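This report describes the features of one protein chain, heading by heading. Please keep the sequence and the structure in view while reading.

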Amino acid sequence: MAALDWSKCPVVESIPGKVGGAWVFKNTRTPVAIVFENLEDGMTIDEVMEQFPVTRAQVTAVLEFAARSLDAPVPGR
């Protein structure tokens, strides 16, 4: 499976030198990966929002972006 092109997701950014260049929620140091890791571990979106400085709109945008990316055509197929 190809990696997601997070540059097309409007609520995230990657800045060299900021959190090692990881994709983070805009204007934060909160990595996008925390959403997926914590949901996978059984947290709810509300619990993620309580633990990290992210909004429901940001979390929803990231989840929707990832879901839409799964529907994208795969080159060569």
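Asp 46 counts as partly exposed, at 39% relative accessibility. A salt bridge is defined here as a side-chain nitrogen of Lys or Arg within 4 Å of a carboxyl oxygen of Asp or Glu. Because Arg 56 lies in helix α3 (residues 56-70) and Asp 46 in helix α2 (residues 45-51), the pair ties together parts that are 10 residues apart in sequence.

The model is predicted: local features need pLDDT of at least 70, and side-chain atom pairs count only at pLDDT 80 or more, while totals for chains, interfaces and linings use all residues. Residues are numbered from 1 along each chain as its sequence is written, and side-chain values use heavy atoms, with hydrogens and water left out.

## The other salt bridges

How many salt bridges does a search of the whole structure find? The search finds three. One of them joins Lys 18 to Glu 13, with the closest N and O atoms 3.2 Å apart. Both Lys 18 and Glu 13 are buried.

Asp 5 and Lys 8 form a salt bridge in which the closest N and O atoms are 3.6 Å apart. Asp 5 is partly exposed, with a relative accessible area of 38%, whereas Lys 8 is exposed, with a relative accessible area of 62%.

## Overall arrangement

The chain contains three helices and two strands, and its elements run β-β-α-α-α from the N terminus on. Helices (H or I, at least four residues) and strands (E, at least two) are DSSP runs, numbered from the N terminus. Of the 77 residues of the chain, 27% count as buried.

## The nonpolar core

The largest nonpolar core has 13 residues. Such a core is a set of buried Ala, Val, Leu, Ile, Met, Phe, Trp, Tyr and Cys residues joined through side-chain atoms within 4.5 Å. Trp 6, Cys 9, Val 12, Val 35 and Val 62 have the most contacts inside the core. Two or more residues of this core come from each of α1 (33-40) and α3, and α3 gives the largest share, three residues.

Contact means heavy atoms within 4.5 Å. Not counting residues up to four places away in sequence, Cys 9 touches Ala 61, Val 62 and Phe 65.

## How α1 meets α3

The axes of α1 and α3 come within 10 Å and cross at roughly 85°. That makes α1 roughly perpendicular to α3, a description used for angles of 65 to 115 degrees. Axes are lines fitted to C-alpha atoms, for helices over the stretch in contact, and angles run from 0 to 180 degrees between N-to-C directions. Val 35, Phe 36 and Leu 39 in α1 meet Val 59, Val 62, Leu 63 and Ala 66 in α3.

Leaving aside neighbours within four places in sequence, Gln 58 is in contact with Val 11, Phe 25, Lys 26 and Pro 53. Gln 58 and Val 11 are 47 residues apart in sequence, and their C-alpha atoms are 6.2 Å apart in space.

Definitions and conventions
Buried < 20%, exposed > 50% of the residue type's maximum accessible area, 1.4 Å probe, protein only. Parallel < 35°, antiparallel > 145°, perpendicular 65-115°, else oblique.
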